[in-house]
Structures are given as C-alpha cells and as structure tokens.
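Trainee: I would like to check some of the words used for this structure. Please show it to me first.

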2 protein chains.
Amino acid sequence: MGAVRDLERTKEKILRAALSEFCAKGFAGARTAAIARRAGVNKRMIFYCFGSKENLYREILWRKIGESMRFFESEPTELVAALIRWAQKWRQEVNWIRLWEWEALERGVRPVVAEEARRECVKVVLEKLRRAQEEGRIPQGPDVDQLFLALVAVTVFPYTYPQLARLASGISPMSEEFATRQMKFLHWLGERLTCAGFEKTAEPNRTAKPQRRSEVDHTDKPAQSPV
Amino acid sequence: MGAVRDLERTKEKILRAALSEFCAKGFAGARTAAIARRAGVNKRMIFYCFGSKENLYREILWRKIGESMRFFESEPTELVAALIRWAQKWRQEVNWIRLWEWEALERGVRPVVAEEARRECVKVVLEKLRRAQEEGRIPQGPDVDQLFLALVAVTVFPYTYPQLARLASGISPMSEEFATRQMKFLHWLGERLTCAGFEKTAEPNRTAKPQRRSEVDHTDKPAQSPV
DNA sequence: CCCATAATTAACCAAATGGTGATTTGCGCT
DNA sequence: AGCGCAAATCACCATTTGGTTAATTATGGG
C-alpha cells in the first residue's frame, strides 16, 4: 500500500481533518495542532503542504464552493421541488452551512475567496427564477432577488439557528421528525407561492386554484430537470 | 461629574465595549485587552468587575435576551405588520443577530444562558400565531412552529448572510435601497400567506401578559442534559 | 487630618498559538 | 550497497492569551 510517505494522501488527510475542525470552530478557533492530531499527521506537515493556516482554509473554501456550484447547476426549476431539494441538501450538509456562516461572521461582507465563482453561481439560480417568472411558473409579483433570498432563507434557517429551531419545534432540527414537518410545511408554502393568481399581477386573488402538483422524491436523486 | 472612580460606570463602559467586541469577533475571537482599550479602562478591571471573560459574555447575553423578550411581547399580531416590524428590528440590531449567530456556532445547540427565558419568549410568539390561526387571521394549513421559523428566517436572513444578500441583490443589505425592496417583498409575501382561501375574522383582542423579570445571575448553570 | 476600604493600575505569568530551522527517515534509482 | 531527495519528525521560537499578584491612588466617614 502506498499509504506511507505519500504526500497526496497526507494532503487529503489534512484537508479532511481541517474541514471538520474549521466547521466546528471557525478559522480563528481552529487549532493547527488539533487538525494535525485529527489527521494523524505531524503538525509540521500542515505548513509543509499548505504553507499557512490561512492557505489551508482557502483551499477548503475553494473545494466546497466548487461542490455547491455543481449542485446549483443541476437544480430543478420547479419551485416546490427546488425548496424540497435545497432543504434536503442543507440537512445533509450542515457542515457546509456552518463553514459559510463562519465565513460571514469572521471575514465580513466581502468573500475572501472565489468571489467571482460565487457570483456566477448565484446568477445561474436567479436566471432560472427569472425565466420561470416570464413563463408564468411562479408569480410575477416579487423581486427575484428577494424571492431567492427568501427561499434559501426558509430552507437554511433551521440549520443556521438550530437553537431557535429546537426551541420553536421542541425537537432537534436534525431529527427525522423535524425533516418531515419541514417537508410538509415547504409543500404548503410552495403551493401558496405558486398557485393563486399570478397570471397578471400580485393582486390578492380568491381563486385558489389547485395546480399541477409537483412530484417530489424524498430520496436524494439527481432529479434532473436542467435549464 | 461622578465619572471618576465609579464602579457602576466602569461596569457599564466595559459592557458596552464588550458588546461591540463580542459582536465583531465572537467569544473566542474577542480579546479582553481590546475590550479594555475600547472601554478606556484598565484590563484588570474586567476581571475585577466580572471575574472572567466567560462571565462577562454571559452578562451580555442576559441583557440582550431581556431586550429581545420585551420586544417580542409588544409585537403586533397582524402578520404583515409583524414581518415588517421584525425586518426593521433586525436591520437596526444587526449586532444582536451577530451575537446570536456567534452563539449558535460557538456554543452549539444548547443555550449557555437563559434557556428558560428564551423558551418562554418563543412560546409567547407561537401562542400568538396559534391564536391568529384559530381566529382565522392566518391560514390553518401550516404548523405554527414551522411558520414561525419561516417568518423569522425570511426577515433575518439578509443580515445573517450579508454576503449572499449582496451577491443576490447587488447591493448591501444595510442600504436603504435594500430595505425598500425587502419591505415590498414582505408585503407581497404577507398578502400571499394571509389572503387566499380562508375567512378573515378580525378581532382586535390583545391580552397583556405580566412577565417576571429574571434576576441576573453570574453563576448561571448550563442546565445540562445529555443529548 | 487620618485611615480603612474600595477602585485603579502596573508588572507579570503560565499556557497556548501559528510558524520554522535543523534533522532524520525511507523510497526509488543506479 | 550507497546515493539523492522528498517526506516526515523534533525541538524550538516569538507572540499573544486570559488571568493574577501586589502595589497605588482616591474617597468617604470619623
């Protein structure tokens, strides 16, 4: 086995360990010694491989951002489906959310890494929403920007503030039970947002017309419906 | 002026400075030396007054939680109004949001301080929602827990992830422009959520609930329970 | 005015931190 | 076998950290 004295392998081990550590403690709170211990590697190797704690952090952000971009690119256009899909994604990627959150808190408004890539990623989703709006699949009323933020907000929030989610619902946001309730709510919300009277204006309209019910698979399949 | 050698005054100065520092850097990132400098006070005084960094932090949480509870108690029952009111509140209390967020990240799911007080605070709002639901002022469909989380989510999100808000909208979430757009969106959303397909039975019934103010306790124990 | 006491300060400390220089160890090659 | 070189280790550093010991200064009461 080439596992001894294999630099690539060592790098991977460090990256994996560093991801956990950064997710758990943030950049400032993370300890290089702890990363080394978790990785089962001499602390010196961190600096040998990545030069500095900062560089290591950047490297991890790059990787994670790449992943998330790939996710958004393959995301379904139908609103309820997207909501469900996102919620599931966040649930199984709490670490990524935490990383994101740490960064917002520690680093401030300007992304330290891959600003362009991120902008691109967001733009793609916004574009989809805009097209959906033009084609009448979602209401014309709201700003797509704001709508997008709201959709992400609703799905991500319980994992961003697990404390509050637990206080409100009485159970852990990581539990199956919570996920079920959330799905149910997201369905309701999605229907609300898409169905009633979006043909013309955002005028409140009494004709709550049941519309094509979106098929949602709770399993995390690719759910392809590109563009 | 009695500003010289006044312990209460000194405490206040420290608390104010510590609030900024903790909001900016979190607990781990905050530096006692920086707090002292900001407060224009000898570092030793922090420990003289509060015993430890940890205690100082707890004290601040206590105060802020008290504030937020008072806010929620006086909050309007009408949904759109509540949305608007919350959004405005968050906007002018970004520091409080940050503190909250830091805590979620650094301290984990279990509140370190005032768990009971918080639960009470959430319960009050949930109760209002439930009543609104019974009286038909908001739809019967959704779980109040989930609805509550979603409402908070939508209003708080831009300030939680200013990076993303900026990427999506192109402007700073702290700008006037953003606030305007958000208000417009919240109106739209509120209408959507309340109007279609149920009867509106307006009954301006407001019950003021007397609230016991908790005594500040430096030795607040985390109320441990294995999770 | 004096003195006990409380508020304030200065100097200091042990532990921990990110980071390095020097050294050893093992793999691949001839 | 022996050599070159990269991978891995070890011991160490300068700095920063929360926290403390002990000295100093003001204040209010007698």
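Mentor: Start with handedness: a crossing is left-handed if the near helix is turned anticlockwise from the far one by less than a right angle, and right-handed if clockwise. Helices (H or I, at least four residues) are DSSP runs, numbered from the N terminus. This is a predicted model, where local features need pLDDT of at least 70, side-chain atom pairs count only at pLDDT 80 or more, and totals for chains, interfaces and linings use all residues. Residues are numbered from 1 along each chain as its sequence is written, chains are lettered from A and ligands numbered from 1 in the order in which they are written, and side-chain values use heavy atoms, with hydrogens and water left out.

Trainee: Which hand has the crossing of helix 4 of chain A and helix 7 of chain A?

Mentor: That crossing is left-handed.

Trainee: Why are helix 4 of chain A and helix 7 of chain A called roughly parallel?

Mentor: Their angle is about 15°, and the axes lie 10 Å apart. Axes are lines fitted to C-alpha atoms, for helices over the stretch in contact, and angles run from 0 to 180 degrees between N-to-C directions. Angles under 35 degrees count as roughly parallel, over 145 as roughly antiparallel, 65 to 115 as roughly perpendicular and the rest as oblique. The two helices are therefore roughly parallel.

Trainee: Which residues of helix 4 of chain A meet helix 7 of chain A?

Mentor: Among them are Leu61(A), Ile65(A) and Met69(A), and their partners in helix 7 include Cys121(A) and Val125(A). Contact means heavy atoms within 4.5 Å.

Trainee: What is the angle between helix 5 and helix 10 of chain B?

Mentor: The angle is about 155°, with the axes 9 Å apart. That makes helix 5 of chain B roughly antiparallel to helix 10 of chain B. Helix 5 passes helix 10 in a right-handed crossing.

Trainee: What makes helix 4 of chain B largely enclosed?

Mentor: Buried means under 20% relative accessible area, exposed over 50%, partly exposed in between (1.4 Å probe, protein chains only). In helix 4 of chain B, 15 of the 21 residues are buried, so the rest of the structure largely encloses this helix.

Trainee: How many residues of helix 6 of chain A are buried?

Mentor: Eleven of its 14 residues are, so to speak, under that cut-off: they are buried. Trp96(A), Trp100(A) and Trp102(A) are among them.

Trainee: What relates chain A to chain B?

Mentor: A rotation of 180° with 0.0 Å of shift along its axis superposes chain A on chain B, with an RMSD of 0.1 Å. The two copies are thus related as by a two-fold rotation axis.

Key
Least-squares fit on C-alpha atoms with pLDDT ≥ 70 in both.
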